[in-house]
Amino acid sequence: MKKSNSHKILKAAMAATVATGAIVVAAPTFTNAETPTFKDVNNVPADYFYAGVTDLAERGVINGYPDGTFKPYNNMSREHAAKVMALALGLDLENVKDPGFTDVPKSNPYYAHIAALVEAKIISGYENGTFGPKNNLTRAQMAKIIVLGFEFEAAEKGNLPFTDVKAGEWHEDFITTLYANEITTGTTATTFSPNRLVTRGQMAAFINRSEATESADGVAVNASAKLVVNGSVPVALGNYATANDKLVAVQAYVNNLITDKEVVAKVAAGAIAGEYTVALTKGDAKVEKTIVIAFEMTANDRFVTEVNALNATQIEVKFSTAVDSESVLNANGTLKANIISLTSLDGVPANKIVGFSKANLSADGKSLTITATTELSKRYDIKVDNVKTVTGQNVDKYEQMISIAADKTAPTILGVERLTAATVKVKFSEPMSSIGTTSFKYADGTSVAGVTNNFVAGADEIVFTMASEVTVNKEIIATFIGARDQAGNLISPNPGTASLSKISADGVAPTVSTITQTGATTFAVKFSERVVSAPTVKIGADTAASVTQDKTDPTIYNVTSTKLLDGATTVVVSNFEDLSGEQGTTASKVVTFVKDTNAPKVLSSTVLQDSTNGKEYLVLALDKDVKLDANSKVSGQGTFIKNFVTSSSTPFTATNVTYKDAANKKIVQVELNTFLGANDVEGALYSIDLTFANVMSDAKLLVGKTKVAFTRGNDIAVGNAETVAVNSVVQSADDNNKVNVTFDKAVDGATATNPANYTIGGVIIESVTLLPAVTANNTTTQVAVLNLKANSSTFTGSRNVTIANVKALGSTKAMETYFANTVMLNENVAPTVTLAKLTSTKEITLTFSEGVNVKAGITDFALVSGVSTLANAVEIKTEANGVSSVVLTLKNVVTDANIASGLSLEALSTINVKDAVGNNIVLPTTIQVTR
């Protein structure tokens, strides 16, 4: 007996969840006024069974109770399940054969339903000849009747994620088939619970999903659902974007994944952060499927999140992701020159440009603390640039105005840390300008001699060393009177005190407490107390490759072996001494190491363009170091979408895998041009399953398969990749309106004359003039003259200078950004005459806008009366520097007639009046002389 197809309708709603296995239903909308309703079944996501119950009730397959309820959470008996299945499948209930069950007489109201299912070979009874009609149905039994009733094709074994379904059990095939057809995702991500009882609501939902799977629209919806996989969604500011921006980005991402444009996807925010519900529908009857899936917002998640002033001299810059310490710090721990610039907008300090004495990057790489050389106060322009993440990506340039309130917080002593038996470190809450007057006394008040320190202004830690004459094991009270921070705030309390002591061997030698494996080739040695320096460690017959102190626990030293750790091994730890000078005894321990069996995993992927060759690479970040050789390759199988057209499943060429940076063995890359081969399509969205060869961990575990999704850009032709560098930046000796930039080779005219490629703090660059290249001693240089806007440079002092994007002649590659903060520029504000006054019949006094230098004996002006130039020489008799006024001596006395016609001065070409830094005076055509 075959089932009827009359039950196939396209109202069914099916739900599955990718992440948790919970059921989420997007129910259909019914328009039939006679649609049954139950007061305990609501059209809300929590009632995942709503669609199934409503549909089956409308068709008369299932009924409710007289009180208007359905009781969806009551268990389903075997006889009730038989009735529902027989009616749903449209089986013939009139002409049935007796199944022969001793506990199912013909008087049983469910006799025909049970008989019809037995005849269709969908259900069976127990070995004792009974059916157990009143027994509750289990999930394993339900799996069997659903698979057989709806004639699902048996699925391939071996793909179940459920740990409670063992191979060879009678229900394995049925559960495997349900899972493959997405009728179930289990009670959790890893369990099916085959012996758990089935409720009335669950039974309705499973039948409903099975029916929907059979429809053409259901097939289309299921196919689309398989395309909606978790991935990285491009959105401005990545995980820091607004919830609405994320939602819009996910909707666009999902729309791009679905190839059947008749399938409509509607995305809504999920119950927890990062999760979204995707409701898929197709057709007038609205076959629906809702999946809950997690997306990661990774695009452009690389920027400065905030900048805070910690105290008078320290600023904290916070990043959205971990940054590479080598991109911000020099080897000695100071801040690299081209990373952060801080320019005062209020003349604090006087030269406006703030310098930095030191910097510190937090352990998580997300917080950079910088210490200024001067006190910070009021408003500043801060620029953060040229910072890279730990994966080698550029952090967005940051430029903002910040206000720093005057520091009125008193510094405090945080504590004392012992370094060795005779040295201790006193820590302050902030950098100090002075530790004031210090005194050292024993507890009985006796003064202590022989205590020295290494304090320098700006330090927040001071090391005190106690000489041989200091008594051991006796407390010393260090007193700091009048100690001040960089803002001049006195220490609190004042005086401040700290307890020091010089110790001798305490009679307790350090010991090795534990040895704990931390990786395939690494383990940690923990001591009973801090030791002065790294011990010597041998693993078997081999000396450790490296031994370094742990950053978070100073009693732990992290050891790297030259070989893989596996099995029982003798570890010898020697040459260690505690802070009191007590020598530890060599420790020899047999440690059973466990071979690393966890394969490396790909954590994230991104596409980056290499600036040296212009090619795009797929860059993969792994959870552990991997080893590469000439045979390390990656191949793939997947599809790509361009203009809403999806390719067929395509193989991708096995391509060499290389390190992006030889110093970081967790980041690898593959050249996309080679990898994509004939299927390299600019602008296409790729979804590819990657397979690795010879990319393995120290334990020789191959990187597992992984799925990546990315959009292909394009490679650029680099051509001549020669780069130009800056030799010097110097202001012109005779013109403060010009700054000469000397490049180390001939430059490209278009980029070298673009004013936007040059920045000088507090100055406006109007244009750039390129001088001819000069070759001498086989070396070519070329000078670009920066023409400054007159009067735009208002102070004399050091400036921040940034030069970028200039290319060498014939090259396609831009220069490395040049930055300097020690370029000295004179101000270029020209002096003017503010007053010309006839102070006697033979003298005119000129008053200037600023102090000027004048030369004696030079005729600088001609005297004009009315419109006639008088034959009356005007001369400066006395040479002077820095004067605000000067007397012009007339050769002849001016007459009343001259005065009545009006007197004025005209500047001659011989004028030689300059301010203190050499700016020539700027004069109008005529200067009116008053009386």
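Residues are numbered from 1 along each chain as its sequence is written, and side-chain values use heavy atoms, with hydrogens and water left out. Because the model is predicted, local features need pLDDT of at least 70 and side-chain atom pairs count only at pLDDT 80 or more, while totals for chains, interfaces and linings use all residues.

Let's begin with helix α3, residues 111–119. Helices here are DSSP runs of H or I with at least four residues, strands are runs of E with at least two, and both are numbered from the N terminus. Helix α3 is mostly covered, with 7 of its 9 residues buried; buried means under 20% relative accessible area, exposed means over 50%, and partly exposed lies in between (1.4 Å probe, protein chains only). The buried residues are Y111, A112, H113, I114, A115, A116 and L117. They pack against α2 (78–89), where contact means heavy atoms within 4.5 Å. After α3 comes K121, which has a positive phi near 60 degrees.

Next, look at a pair of helices. The axes of α4 (residues 139–149) and α5 (residues 172–180) come within 8 Å and cross at roughly 65 degrees. These axes are lines fitted to C-alpha atoms, for helices over the stretch in contact, and angles run from 0 to 180 degrees between N-to-C directions. The crossing of α4 and α5 is left-handed, which is the term used if the near helix is turned anticlockwise from the far one by less than a right angle; clockwise would be right-handed. On the α4 side, A143, K144, I146, V147 and L148 take part, and they meet F174, I175, T177 and L178 in α5. The residues of this contact divide into 7 nonpolar, 1 polar and 1 charged. For that division, Ala, Val, Leu, Ile, Met, Phe, Trp, Tyr, Cys and Pro count as nonpolar, Asp, Glu, Lys and Arg as charged, and the others, Gly among them, as polar.

Now for the charged side chains. A salt bridge is a side-chain nitrogen of Lys or Arg within 4 Å of a carboxyl oxygen of Asp or Glu, and by this rule the count comes to 23. One of them joins D444 and K474, at 4.0 Å from N to O. This pair links distant parts of the chain, 30 residues apart: D444 sits in the loop between β17 (437–442) and β18 (451–453), and K474 in the loop between β19 (459–466) and β20 (476–481). D444 counts as exposed at 53% relative accessibility, and K474 as partly exposed at 33%.

K526 and D553 form another salt bridge, at 3.0 Å from N to O. K526 lies in strand β24 (residues 522–527) and D553 in the loop between β27 (546–549) and β28 (556–560), so the pair ties together parts 27 residues apart in sequence. Both partners are partly exposed, K526 with a relative accessible area of 29% and D553 with 22%. Elsewhere, E616, D680, R712 and D715 are linked in a network of salt bridges.

Aromatic rings come next. Rings of Phe, Tyr and Trp (its six-membered ring) pair if their centres lie within 6.5 Å; planes under 30 degrees apart count as stacked, over 60 as edge-to-face and the rest as tilted. By this rule the count comes to 18 aromatic pairs. F162 and F192 make a tilted one, 5.8 Å centre to centre with 40 degrees between the planes. F162 is in the loop between α4 and α5, and F192, 30 residues apart from it, is in the loop between α5 and α6 (200–214). F162 and F192 are both buried. Ring pairs also link F640, F652, F675, Y686 and F710 into a cluster.

T802 is found in strand β46 (residues 797–803) and is partly exposed, with a relative accessible area of 27%. Leaving aside neighbours within four places in sequence, T802 is in contact with N757, Y758, T759, T817, Y818 and F819. T925 lies in the loop between β55 (913–915) and β56 (927–928) and is exposed, at 69%.
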